[in-house]
Amino acid sequence: MALLVTGSPAANAAEAQAPDVRYAHSASGDLGTLEVGISSDSAVTGIRAHLVSAATQQEVAVVETDAFGLVSGTADNGVWRTKKPLDLPDLGTYVVRIEATDADGDRSVDNSAGTLAYFVAAVFEDVRPDRTEIDTDHRQVRVDGTLKGRWPATRELKPLADHRVDLDVDNWTENTVHTDAQGRFSGTVTVNDAVPVQAVYRHDNANPYVVYGESASTPIGIRQVATRWTFETPAETRTIDYGEQVTVTATLERETARGWVPFEGQSGGVLYEASSGTHWASVGYFTTGADGKSATFTHTPGETGTFRVASHSDDPFIAPASANSAEITVLRASVFTSFSAARTQDGGVRVEGAMDFPDGWTPADIPVHIQHSRDGKRWTDLLTTQAGWSGEGHAFSADIAGARRGYYRAQFDKTESFRGATSETVRVGR
């Protein structure tokens, strides 16, 4: 008995896939060249493009397979371009209809695969400003150049006569000029900052088939007016007591062809900056007068430092300026509140005393020098002891063995932050 089996053919066989036309448009930078992207399940063997005028809806050209060449990808998934630019009767926009076939004999039609922008591309040549740096008295920049068009059929560059050219400053149009018969143009723009200058061709209804183009931008720099500050007070380095006020005045000048002259109407401020770099304090703000002077300020510095005056103009042509005064050294007071020296039973001398620092700070280290003099005029250091907090002051004491008769006192040397101090003198006999 024979067994007869029936069924559908190749149940796992892939269904045939017609070519997929992904896009069709003008090649970038070469508007007369048609570019088509197609993928399929086998090699693409045929491409036919029908070009239909968007203005008249009439077919004006058919591009056959042999006019295309594969430029990237593979035969079953690639990009094809026409080997030569298309030669069409008129400039304009064309709807592209594509017929594509593959090696399996599959065929597809895309009646709206894309558009061919068959336009003239604007191209700038020899665009140059007459200066690349400006100053406060010379802010005009003349821009010269030539505008040409690249024709889609031949790629030939031809001058574009009587076309509008925008002269842009920092991407804003500052002037619009027209080209002459040779496509040349010239115009002047005002530049008020360090910004780029550029020539741009934008869509113009008078010339609808010329597309956008721009020149390379040229950065324009600024030559600033130099300014400088000079302190009248404090003019020299000085030392003051803590709590003492200091008067501050300064003059701003600008450089001109006649030399340095007072600069009026400039705003700024004064700071006091600690030499330690730990902090600063605002002293005040000002606008300079006709003599270029800032306002007169008084300030009570809390520690050693300098005054800093600075000005900055909203006008980018004016250079900012700053300066520091001579250093002000601020010293806080130190005093001996008591001192005694007395002979001991073993023939030595015991000295005792205390110090105070009334201005709020205390040195981290308080060395006290015990001194001796035979006549009360010429002094010699005997020893150094440390004063320490005792609850009622910074006390110190020392025992001096074999001490001679004469005069005794205590000495605290000046530091970066404190004035020196000398105790009262005590005479000790045998």
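Me: Which residues touch the most other members of the largest nonpolar core?

Reply: In this predicted model, local features need pLDDT of at least 70, side-chain atom pairs count only at pLDDT 80 or more, and totals for chains, interfaces and linings use all residues. Residues are numbered from 1 along each chain as its sequence is written, and side-chain values use heavy atoms, leaving out hydrogens and water. Of the 23 residues in that core, those touching the most other members are Phe 124, Ile 134, Leu 147, Val 165, Leu 167, Phe 185 and Val 191.

Me: What makes a set of residues a nonpolar core?

Reply: The members must be buried Ala, Val, Leu, Ile, Met, Phe, Trp, Tyr or Cys residues joined through side-chain atoms within 4.5 Å. Buried means under 20% relative accessible area, exposed over 50%, and partly exposed in between (1.4 Å probe, protein chains only). Met 355, Ile 370, Ala 403 and Val 426 are included in a second, separate core of 22 residues.

Me: With which residues is Ile 134 in contact, its neighbours within four places in sequence aside?

Reply: Contact means heavy atoms within 4.5 Å. Among the partners of Ile 134 are Val 141, Val 191, Ile 220 and Phe 317.

Me: Why are E2 and E6 said to pair?

Reply: Two strands (DSSP runs of E, at least two residues, numbered from the N terminus) pair if DSSP finds at least two bridges between them. Strand E2 (residues 30-39) and strand E6 (residues 77-82) have 5 bridges, in the antiparallel sense, and therefore qualify. Gly 37 stands opposite Val 79 in E6.

Key
Helix = DSSP H or I, 4+ residues; strand = E, 2+ residues; numbered from the N terminus.
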